[in-house]
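Here is a short briefing for someone new to this structure. Look over the sequence and the model, then read the points by topic.

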Amino acid sequence: MNVQLTANYALRSDGTQFIVSQRKIVDPTKAPGYKAVEGAPAPKLRERWDDVGYYPLTSGGLTALLDSARMRTVAASDASSLAEIGAILRQTTQELANAINAGLTLDFTVKLGA
């Protein structure tokens with residue numbers, strides 16, 4: 001299993017637990033000890049996925065990991081007001097609902113609260 005939850009979070013399982021991974025952009029020029037080579041182009045940014053959470057293979061574990069992805073998105077933001085936090089939570093919740101609904105049959109969908 002390898003499921004994209006949002007642009008920055010993915011879900012996979014090793015058969016014993018759910019594992020949440022977070023996308024990180026790595027700038028090699030910011031690494032300790034990096035020395036630019038004269039005349040050489042700067043190295044390109046690269047994408048890396050780091051495991052950030054482990055959850056039990058239960059419905060409670062699935063609920064907790066989805067909530068964790070929402071909260072981590074808020075924590076990583078530069079929100080400076082409760083209104084901005086609310087907007088980020090709504091956007092992330094919608095992304096997660098879209099990801100869930102994309103794989104469901106027409107008989108079942110996730111309804112967002114009002």
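This is a predicted model: local features need pLDDT of at least 70, side-chain atom pairs count only at pLDDT 80 or more; totals for chains, interfaces and linings use all residues.

Residues are numbered from 1 along each chain as its sequence is written, and side-chain values use heavy atoms, with hydrogens and water left out.

**The sheet**
- Four strands form an open sheet in the order S1-S2-S3-S4, with antiparallel pairing.
- Strand S1 (2-4) and strand S4 (46-56) stand at the edges; each has a single partner strand, so one side of each lacks a neighbour in the sheet.
- From one strand to the next, the twist averages 25°.
- Strands are DSSP runs of E with at least two residues, helices are runs of H or I with at least four, and both are numbered from the N terminus.
- Two strands pair if DSSP finds at least two bridges between them.
- Strand S2 (residues 9-13) and S3 pair in the antiparallel sense over five bridges.

**The helices**
- Helix H2 (residues 82-102) has 21 residues. From first C-alpha to last, H2 reaches 30 Å, close to the 30 Å expected at 1.5 Å a residue (1.5 Å times one less than the number of residues).
- Buried residues (under 20% relative accessible area, 1.4 Å probe, protein chains only) of H2 are Gly 86, Ile 88, Leu 89, Thr 92, Leu 96 and Ala 97.
- They cover an arc of only 165° around the axis, which puts them on the same side of H2. The arc is taken from the directions from the helix axis to the C-beta atoms.
- Ala 83, Arg 90 and Ala 102, on the other side of H2, are exposed (over 50%).
- The buried residues of H2 pack against helix H1 (59-76), with contact meaning heavy atoms within 4.5 Å.

**Ser 21**
- Ser 21 is in strand S3 (residues 17-26), and Ala 10 stands opposite Ser 21.
- Ser 21 counts as buried because its relative accessibility is 6%.
- The side chains of Ser 21 and Asp 51 make a polar contact (3.0 Å). That term means a pair of N or O atoms within 3.5 Å; within protein, one must be able to donate a hydrogen and the other to accept it, and residues adjacent in sequence count only if both atoms are side-chain atoms.

**Glu 47**
- Glu 47 lies in strand S4.
- With a relative accessible area of 47%, Glu 47 is partly exposed, the class between buried and exposed.
- The side chain of Glu 47 makes polar contacts with the side chains of Arg 23 (3.5 Å) and Trp 49 (3.1 Å).

How values were computed:
Axes are lines fitted to C-alpha atoms, for helices over the stretch in contact, and angles run from 0 to 180 degrees between N-to-C directions.
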